[in-house]
Amino acid sequence: SQPHRIAVIAGDGIGTEVMPEGIRVLDAAARRFGIGLQYDHFDFSSCDYYEKHGKMLPDDWKAQIGGHDAIYFGAVGWPDKVPDHISLWGSLLMFRREFDQYVNLRPARLMPGVTAPVVRRDGSPRQPGEIDMIIVRENTEGEYSSIGGRMYAGTEREIVMQETVMSRHGVDRVLRYAFEVARSRPKKHLTSATKSNGIAITMPYWDERVEAMAREYPDVKVDKFHIDILTAHFVQRPDFFDVVVGSNLFGDILSDLGPACTGTIGIAPSANLNPDRRFPSLFEPVHGSAPDIAGKGIANPIGQIWCGAMMLDFLGHRQAHDAILGAIESVLEPGSQAPRTPDLGGTASTTELGQAIADAVAQR
Ligand code: NAD
Ligand code: IPM
Ligand code: MN
């Protein structure tokens, strides 16, 4: 059969360091399971590209990557070179919108051999399996809007404002996806992030749509928390959560917090999905370009590797996905002699950890 065509965009900072490890592991899985993968590498969507061309993307970017089966993405942003809102709205956020990737799936799981910084009430450590949630983030509208503006610029009466946009279509489709994910999991538990006490128009609307959708899923146990106390619950009882659905901004915040509760954001993956498959979906780690550690070769590549597994799953290769997840777990396993990067308490390099996971995939 035809190989899958993957558009590879490494981007900035540690994106360029973790991407080769992601590909190393994808290649190992492809060999092991007889999957054809063809990579096309693109240098745009990076701040270096911006410095050369005065923009983040070439005019024909859609034609260049829109026909691929998936986009494998590193991280973008280098605030010393290009202001973040320019680099991000000019690339990643554009991909999410233009390719209608309205679901952003972000699992957070406590892995074996990793110590969670959040402990139980009695002070004892959380065990693997105890934290196992999936955040479903709305990814194309909400608080991330470019509607608004600045008035009376430069005067003492300067005003800025920005609209939050929620459409019934946009809210319902991500809620439906979240309910389906919840229904497919043993606990069948969905938590909705809200703030309908303070954000008095859009958030009550969100709650209303959740209630309407819940009537179609009587088998799913639904609850909701305001985002402020929800963040507290993530820290104090992360074991309570199964599937958590949130608007664009709340989902963003929770998807750094969830993985941080499981030890490090360096392992967290994300899948920006166009479930209709009219456009390519985009797979990237949750983390950014990490300027503070970039160039040192110590970034944790697991987030990049795990989202590669999600990409293979989305392309129909469940077994390969499971093998990569199993390889990650076996390498992290307590007592495993495998290398660990500094964020996991070790001294290993990005490449050493990537290679160990690739070797483990080959043996599965
Ligand atoms: P960040 O995720 O890049 O870094 C936050 C902290 O986590 C840093 O201390 C960093 O060293 C650490 N960290 C992140 N990934 C790690 C890994 N794989 N291994 C070990 N440690 C890791 O967030 P930031 O500092 O807020 O953002 C830096 C830049 O990245 C900004 O330009 C921001 O806009 C951009 N960003 C991009 C994406 C994306 O491409 N999806 C996501 C988040 C931030
Ligand atoms: C993420 C990032 C992006 C977001 C930024 C870089 C615009 O934080 O993918 O989580 O807010 O969506
Ligand atoms: Mn984020």
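**Exercise 1. Helix 1 and helix 10**

At what angle do helix 1 (residues 15-33) and helix 10 (residues 302-314) pack, and how far apart are their axes? Classify the arrangement and describe the contact.

Solution. The model is predicted, and its confidence is considered in Exercise 5.

Step 1. The packing angle is about 40°, and the axes are 8 Å apart.

Step 2. Angles under 35 degrees count as roughly parallel, and 65 to 115 as roughly perpendicular. Helix 1 and helix 10 are therefore oblique to each other.

Step 3. The crossing of this pair is right-handed.

Step 4. Helix 1 contributes V18, M19, E21, G22, V25, L26 and A29, which meet Q304, I305, G308 and L312 of helix 10. By class, these contact residues comprise seven nonpolar, three polar and one charged.

**Exercise 2. Helix 10 and helix 11**

Determine the relative direction of helix 10 and helix 11 (residues 318-332) from the crossing of their axes.

Solution. 

Step 1. The two axes come within 7 Å of each other and cross at roughly 160°.

Step 2. Since angles over 145 degrees count as roughly antiparallel, helix 10 is roughly antiparallel to helix 11.

Step 3. The handedness of this crossing is left-handed.

Step 4. On the side of helix 10, the contact is made by I302, I305, W306, G308, A309, M310, L312 and D313. Helix 11 supplies R318, A320, H321, I324, L325 and I328. Ten of the contact residues are nonpolar, two are polar and two are charged.

**Exercise 3. Helix 8 and helix 9**

Are helix 8 and helix 9 roughly parallel or roughly antiparallel to each other? Identify the residues that bring them into contact.

Solution. 

Step 1. Helix 8 (residues 227-236) packs against helix 9 (residues 248-261) at about 15°, and their axes lie 10 Å apart.

Step 2. The cut-off for roughly parallel is an angle under 35 degrees; helix 8 and helix 9 are therefore roughly parallel.

Step 3. Helix 8 and helix 9 form a right-handed crossing.

Step 4. In helix 8, the contact residues are I227, T231, F234 and V235; in helix 9, they are F250, L254, L257, G258 and C261. This set divides into seven nonpolar and two polar residues, with no charged residue.

**Exercise 4. Surroundings of the two ligands**

Which residues surround ligand 2, and how many surround ligand 1?

Solution. 

Step 1. Around ligand 2 stand G77, L88, L93, D252, V286 and G288. Three of these are nonpolar, two are polar and one is charged.

Step 2. Ligand 1 has 23 surrounding residues, the closest being G77, G266, H287, G288 and N300. Its shell contains twelve nonpolar, seven polar and four charged residues.

**Exercise 5. Confidence of the model**

State the average pLDDT of the protein and the ipTM and pTM of the model.

Solution. 

Step 1. The pLDDT averages 97, and 100% of the residues score at least 70.

Step 2. The ipTM is 0.99 and the pTM is 0.98.

Technical notes:
Residues are numbered from 1 along each chain as its sequence is written. Chains are lettered from A and ligands numbered from 1 in the order in which they are written. This is a predicted model: local features need pLDDT of at least 70, side-chain atom pairs count only at pLDDT 80 or more; totals for chains, interfaces and linings use all residues. Axes are lines fitted to C-alpha atoms, for helices over the stretch in contact, and angles run from 0 to 180 degrees between N-to-C directions. Helices (H or I, at least four residues) and strands (E, at least two) are DSSP runs, numbered from the N terminus. A crossing is left-handed if the near helix is turned anticlockwise from the far one by less than a right angle, and right-handed if clockwise. Two residues are in contact if their C-beta atoms, placed from the backbone, lie within 7 Å. Ala, Val, Leu, Ile, Met, Phe, Trp, Tyr, Cys and Pro count as nonpolar, Asp, Glu, Lys and Arg as charged, and the others, Gly among them, as polar. pLDDT is the predictor's confidence in each residue, from 0 to 100. A residue is near a molecule or strand if its C-beta atom, placed from the backbone, lies within 6 Å of it.
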